[in-house]
Structures are given as C-alpha cells and as structure tokens.
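Subject: Structure for you to look at

Hi,

Here is the structure I promised you. Please open it and keep it beside this email while you read.

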Amino acid sequence: STSGAQNMVGLGMYGSTLLAQNGDLGTFFYLPRDFVLGTSTVQSDGSATAPGDENFLYTSVVSTDLGCVIPMNTSFPKIHCLAKVLDQSKVASDTLHWWRDVNPIPIPSQSACDAFQVPSSSSDVQTTSMCFGIATSVWKRSLAITGQTIEGDRFFSTFYVENASNLTSTSPLNVYCTFGCSSGDNNLWVSSEDSFGDSIALYGDILAVGVPGAQLSTGNTVIFRAVGLQDSSNYANHRHWNFVTQLTGDVSGARFGATLSLGPSLLVVASPGAEQIRGYLSIFEYARAGTTNLTLTSVCNISRVAGGDFGLSLAQREAGDGWTMIVAGSPVESRVYVIWVSRDGKCEAGDAFLPLYPDSANRFGASVAITSTFLLMGDPGYLSRTISGLLYVAAVCPAGSIRSSRQIQCPSGNYNSPIARCQQTVCSTCTAGTYTLEGGFGVSCSTCSTGAFSNKSGASTCLSCSVNPMNSAFVASTNGPGSSSDSCPWTCLTGYYPASSDSCSPCPSSPPQHAEYSGPGTSKGVCPWRCSAGFYGLPGNTSSTNIVAACTGCAAGKYVAVAGSMSSSSCLSCSSPPAGAVNIGVGATSANCPWACGAGYNFSTTSGRCISCPSKPDHSLWTSSASPDSNGITAAPCRWACEGGYEMDSTGLQCSQCQTNGAISPANAEWTQNACKWTCIKGYFNTSTSDLPDCVSCSALMALLGVSRPEHTWWVDGKSTCYWLPDVGYICSKSEGADATCHPCNNLPSMATWVPTSDPSFFPCSYRCLAGYYGASCVTCSLYMASEDVSGLFPSPPSLGGIWNDSAGICDASSWGCLDGFRRSPSGYRYCCPLTISNSVPLRSGDFVDSGSIKCAVKCLYGFNWSDASASCEPCSQPPINSFFLPAAVSNGLMSLPKGFRGQVSCFCSSTF
C-alpha cells in the first residue's frame, strides 16, 4: 500500500518476491524467477473501476525478464520498466544477472495526445495522435498495451525491449514499438467499439483483447496470432498480428472479456456480471494450427452469485502434473476461488478463501497471483489505525505433498491426489503391484511395467520378474493394476505355442509359402499366420486345412512394406525406374523395386544407364531374353525377333513373310501364323525334332520317357506342364519325384467328401461339405449356428416356435422356420404366428391395432389384448360392476358406464393399449 491511501492496485509475483511501488519516489524492487501469472487494478477508494479511469494510481506487470509500472493518471506520465540482463558466459549458474533501466514509454493526458511522442526505433521518434495505457500485459521482454486515438477509436500496440549487448554499460535499454504505434501504420488494428482493449493478455505469439461491451451487450474477446518471430533468442519481437477468431459471451450485461488470463494452453475469459447478473468464467483450451491459426475448444463454464465481480482478478499456473490451477477473485463478495483444470478437459472445484477480517468495505480478492509454492490474495479495502490494505499468502502444496505445520513431501511408496493437495493431511499408500519413485512428489501410484512386480504395499520401485520359460516374453497383467508377485504373466513368442504350463515349443506346422507366423499359438499347437511383406491375402492358422489360403505377390511395379496385407489395394506404386527401364518381378517390399532395361535398351556399365539399341530390320521387335543380375540390371546385348507373321530369312538378317503349308495337319497341333510353325495344342507335348510336331499327352510322354510316379498318384493331362498329383483323399511327402511317399488323408468329417483337383497349388487334403451341411465340421445348419465359429454373428430364430431350417439349402440369417402349428409372420416380422389364434379376427385395411397383433395380421376381439410372449389374445381384467368394454372404434378401448350410472373409469383394455 502507499502512504495515506487504501490501495493495493497491482500484484505481480515471481518466485517468492513482490513488485511494489515505493510511495512518491516512483521506484520499485523486483527479484524474478518466473513469469507473472496475474495482475489487476483497483481504484484508490477500494471500488473496482475499468482500467483507464483517471482515478487510478497505477498498475504493475511483471515477466521473467521485465517489470513495469503503468501509471493511470497524469501525475506519473510514463511507463517505467526494468529489464533483466544476464551474462551469457555464466548462464549455466544463472547467478550473474542484474537489472537495467529501460527508456520510459511516455503516456500523456488525453488533451496532449496530438503532441505525444513514442519511440519507433533506437534513433528516432515519431509524432502521433494516440494515447496508451488503458490495459497492459507483458511476456518475457514484450509488452502489449491498448490505447485510444484522439478521434476516440481503440487500438493495441506491442513493444519490445532490447537485449543488452554491452554488459558493462549502465545506460538505459532501448524499447521499440513493433506494431501499431502510428496512426498511419498499415498494420494498425483499430476498433470503434468503446470497450475494445479494456483488457489484454499476451502469451508468446498469442494475444487476446477483451471487449466487455456496454450495459446490454454480451461482450466478446478477439484472438490474434503473431506472424514472424524476428528474434532468435525466442522473445516475442512480432511485426504483425493476424486476426484468428472472436469469442462472444452468452449473457447480456455480464461483461464477457472484462478480465483475461492467458497461459501455455488455456485462455480464461471472465464475465464479472453486474448487480442482478451472475458472473462466470469461460475456460478455453487452445492449440496452434499451422503458422497463423488456432483451434479453441470450450472446456467449461463456472458461475457465481450476482453482483460479486467474480473473476475481476485472474491468475493461472500449470502445476506440472497434468493440471492447471486457476484462481479467480470475487472482491464484492470478498472471496477467492480455486478451479483445477486437467489436461483431458475436466474441471474441478478447489479451495474457496475468505478474509480473516471480513468487512463490508473490504475488497478481498481484488488482486491475485500464483507462484510455484504460494497463492497471494490482495485485500485493498482493509483499513485499521495503522494498516491500509492486506496481503494474504497461502501455501500451494505441490502434487505429492500434504498440509502440515510445514509442507511435507509424501515419502516413496505413498501419494496424494492432484485435487486433494493441501486438503489432505495423510499420504495414501500404494497397493501391491504399484509404486512411487524415491524422492519424487507422488501424484498417483504408477503401475509396475511389463516384466516387473511389487509384492508389498508402499513400494518405491518394482522388481524384475525372473520366472518365464525359454522362447517366451512377459506381458501386462490382465487382472489388476500390475503384477504383485514374481509369477508374472507371460506368453510364447511368435512361432511358438505353450506345449505345457512352463514350456514353449515351435509351432508343429509351417505357414503357407510367402507367409509368416503372426503370433503365438494355442495350447493345441494351432498357430496364426499372415502374408509376408511384398504379398497379400487373407490371414489364417495352421489348422485351416479346409481353406485354400494363398499369398499373392504384388505385381511388378507395386510393393507393400509390411506383413499382414489382405488385398491388392495395399500394394503401392514403386518409385519410377530409370529412363528406358521397367520394373520386374513380384513381391517387392520397398519403393525401390527391382528393374531391368526394357526391350530396345541395353545397360551401359560405363554410364550406369539404359541406352538405346542400334537399328533392327523391318518387321521385327526388340526383345529382352536375358535375366537381370542381383541389382535387377539386364546386361545382355540387344536382341530382336521377327514380328507376328514373319520369320527370319536364310541370311539371318532380315524378316520375310511366313508361308503357310495347309496340306499337312499333325494330330493335336495347330498352325501358329505369328510363329510361322505348327505347335502342339495345350495339354500335349512335342516329341519330334523335325519341323512337324508329334504331339502326345502328359501320361503318354512320361511313358515314352520311362518316367515313373509314386503309388496313389496320377499324371495330369490337359495342362501346360506335365506333373503328377496325389489320388483323391491322399497326401504326399513331396510334390515331385518317384521316391515320394503318399498316405491317406485323415480327419474327414462324416458329411464331407474329398475334393478332387488338378491344380497343384490346391491343398491335397481339402474337403467339401455335402449339400445341406456347413462349417469346418460339416454339420446341419442348426448345429452350425450354435457353434463357436458363428456364435453371435446372426440373430436367433424367434423364441416362440422358431427353429433353424436344416433343409433350406443355405445357412444364413434368413435360414429359419417355424415349428408345426406355426407359420412365419405374414407381415414380414422375424416372428412365428400360431396357425389358429383364438379371440381374434383377421386384420382388415384401415383397422387400428397395436404393434403386437399386426405381426400376425389379426385384431383381438373386444375384451381381449395381444400378448407377444404367447402370440395370443389374452382376456382383459374384468371391468368394474355396471360397466362394459366399448368397441375400439368408438372409444379406443376405454370402458364406459351404462345409462343411469355415474363413476370414474378405473381401468381400460383393448387391442390398441
């Protein structure tokens, strides 16, 4: 307080120090360790007044690097600041720093606006007709100040205090106006709204300007984001501010935006209210989007009593445990409220403070500030014979500490919740399976990680699990917060299965070609697999013998880098090959797919590129018959071949037109005009060395060559290649060679048959269910629908009279029927209706009935009501004496009294109710 006045007009806190103005001398003292989290102003007589009133004495703002006093009347016509100077060569110790004066920013009276001079650079000043000092905010070395032109328009400007280049100098530091200091400034944001800039908040590159509005206005808050950080030291030297959005209040006269608080992630907008209007806080979470935009999300709104000026002072601070502490003063009701906001958007009420010496003249909560350990609350209205104004200091218990005669940190193995804090006097103990670190402030107990356990309560650390078999790994506990004994849960590694309770063995069956195991197997040795990288197909397991599960490679020019792809759409385009080259091969696993020089090109070992081949004869095409090397490069010489209908002449240098010999027609052969020769048709093979082929089948060819096959196999005729396959119902140990052994397949379901095939890629022991049988076990539809394979996938038949139909020919959701004596709902419902429904008549067009009997297309008689459970018309309860049921068409089923009787209808029943 100042001598002879009851005002505490500004409170700026940092660490445990206070910025104060020392009487009439105009000096102040400040030892900062953090940035200011809250400032406020109060009129000298103790009543709240909007900033800018001539009765104000001053307000103060403080940051990590700057402390300023802003006078609010003409007797103190300049903003005075001190800026921190730090010796960068000794910055590690953070001990060598001091404070230097800053050239003051002049603030003349309203009548002197036309002669006001503001520094626009270090070497010159510029005359302007603008007045500053309505509201001020500071962040690091930057100030944001609102003002008013002589024409009455409102605006805001930003200033920047230079860093000290000469540490030994004692001259004042320069202050620069970086935005909005000239009426001719193209970047100037000007508003004709009378209350624009009544409050302002700056944090980094975010600026909020309050426009609380007139008496009937809801008020709003305008959000800006800076463009361009011009200073490499990370101080906000902004050259332009972009408009982002405008937030609007919900209640007329509540003065939305009268006070603002801006932190690292939260914007708090106060609507202090009025005599008959409740005050409330609006809390928003913001996130930067791109370089110029913001996204704002409403977290919560908190309201208090009318006429309390709730939120006239604000402060916030991140607690470091995922929670932000927000403090709001309500000076008319002399209270200070604490609100906690979590990182996931949850708001919870904290402490509420009252003054020790309540009095109607008090202004407890007119100013608030927060440090890491203290909450400070001003009461400028307190007055005694020797004291004018009180400062209340409350302890802020950090997360993991409790309230005592002094702050006590919870020991290792103990914790307290983020909200309880100073309300809690006893630490809670961590249960088995959890812990808190030694020497840490425990907010909550941490779960022991996978492969670790704690077997006692109050643990400060977790021990490593030691018991798991070879080829296994520990997994997270599924029945508690963490493992509480050395018997930590484990699972077998991929490609292994639990052969016993304490061992893992390799999976007994291999996955298909181009597939790999995708996880551990079951206790029965059934192991899941998926297609490898470069291939795609549906996954399966090693018991799926009745399913053809092939993995197909991505085509040339495509790749897939991860395993488990299920369709060709997963294959991505490869990077473009070099000029003259083409992608080759299937199953590529990276964008750098294999390539080879295309037809008409040859690889140059000198340049490392594909170069064009020399000329070729007419009616010929470039070909490439050489195989690429390990790098996918074809180094073979250029090759050409005659195009279709032409053949090489006797010189071997030209192509001449083919001459067809139609008089000769070998058996099982056809004339190929493009190739200029007879060729065997598909399934036949040439045994002749002359120009005329001798075409025989695969079995005949093998007999001519004397090639034998294993027992229980057969030669496959009619294919492009010649091979043998097992007989139907047999499987062989090898796919080729006479020494292969073949034995009968097993595990054929009783209602299945082995599938004959001539395709060598088809699994030999594949079977097919007989007609009317389904699933891996080939059972009836009713048994299949009840099996684990499809349990829960299809809706059940109707509970009354419904069954699965085993003779429908298909087995899906529609394969249901009704028992004898029932029929399907004629109205299309999944419902079985009795063939005869007593006490009913058929439903006619226009009849009004309930949704029950309509399923069976009937209408219950008067005095009867439909029952869904029994699919019947049940008698209604008897009406009272001397009453009867009226027809539904007359009274919607209500009972009526006969003529000559009076009374109140006490029950009703009809087919419509």
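**Two open sheets**

β20 and β21 pair in the antiparallel sense, over four bridges. Note that this is a predicted model. Now widen the view. The two strands belong to an open sheet of four strands, in the order β20-β21-β22-β23, with antiparallel pairing. Which strands are at the edges? They are β20 and β23 (293-306), and each pairs on one side only. On average, neighbouring strands of this sheet are turned by 15° against each other, direction ignored.

Next, go to the open sheet with three strands. Its order is β28-β29-β30, and its pairing is antiparallel. Here the edge strands are β28 (367-370) and β30 (388-395), each pairing on one side only. β28 and β29 (residues 374-383) run antiparallel and are joined by four bridges. Look for Ala-369, which stands opposite Leu-376 in β29.

**The cores**

The largest nonpolar core has 32 residues. Which of them touch the most other members? They are Phe-156, Leu-207, Ile-223, Trp-241 and Leu-267. Several strands give two or more residues to this core, among them β11 (130-139), β16 (199-203), β18 (220-229) and β19 (238-248). Strands β20 (259-262), β21 (266-271) and β22 (278-289) from the four-stranded sheet are also on that list. The largest share, five residues, comes from β17.

Take Ile-223 as an example. Leave out residues up to four places away in sequence, and Ile-223 touches Ile-206, Leu-207, Ala-208, Asn-242, Phe-243, Val-244, Thr-245, Leu-247, Leu-267 and Leu-294.

There is also a second, separate core of 18 residues. It includes Ile-79, Ile-145, Phe-159 and Cys-177.

**A serine in a loop**

Find Ser-454 in the loop between β37 (452-453) and β38 (463-464). Is Ser-454 buried or exposed? It has a relative accessible area of 3%, so it is buried; the cut-off for that is under 20%. Its side chain has polar partners in the backbone. A polar atom of this side chain lies 2.7 Å from the backbone nitrogen of Gly-433. The backbone oxygen of Thr-434 lies 3.2 Å from a polar atom of the Ser-454 side chain. Neighbours within four places in sequence aside, the contacts of Ser-454 include Thr-431, Ala-432, Cys-448, Ala-459, Cys-462 and Ser-483.

**Helix α1**

Last, turn to helix α1 (residues 698-705). Its buried residues are Cys-698, Leu-701 and Met-702. Why are they on the same side of α1? Because they cover an arc of only 95° around the axis. An α-helix has 3.6 residues a turn, so residues three or four places apart point the same way. The buried residues of α1 pack against β60 (684-686), β61 (695-697) and β62 (713-715). The exposed residues Ala-703 and Leu-704 are on the face turned away from the buried side. Just after α1 comes Gly-706, which takes a positive phi of about 75°.

Best wishes

Conventions. Residues numbered from 1 in each chain as written. Predicted model: local features only at pLDDT ≥ 70, side-chain atom pairs only at ≥ 80, totals over all residues. Heavy atoms only, no water. Core = buried A, V, L, I, M, F, W, Y, C linked by side-chain atoms within 4.5 Å. Buried < 20%, exposed > 50% of the residue type's maximum accessible area, 1.4 Å probe, protein only. Contact = heavy atoms within 4.5 Å. Polar contact = N/O pair within 3.5 Å; in protein donor to acceptor, adjacent residues only side chain to side chain. Arc of directions from axis to C-beta. Pairing = 2+ DSSP bridges. Axes fitted to C-alpha atoms, helices over the stretch in contact; angles between N-to-C directions.
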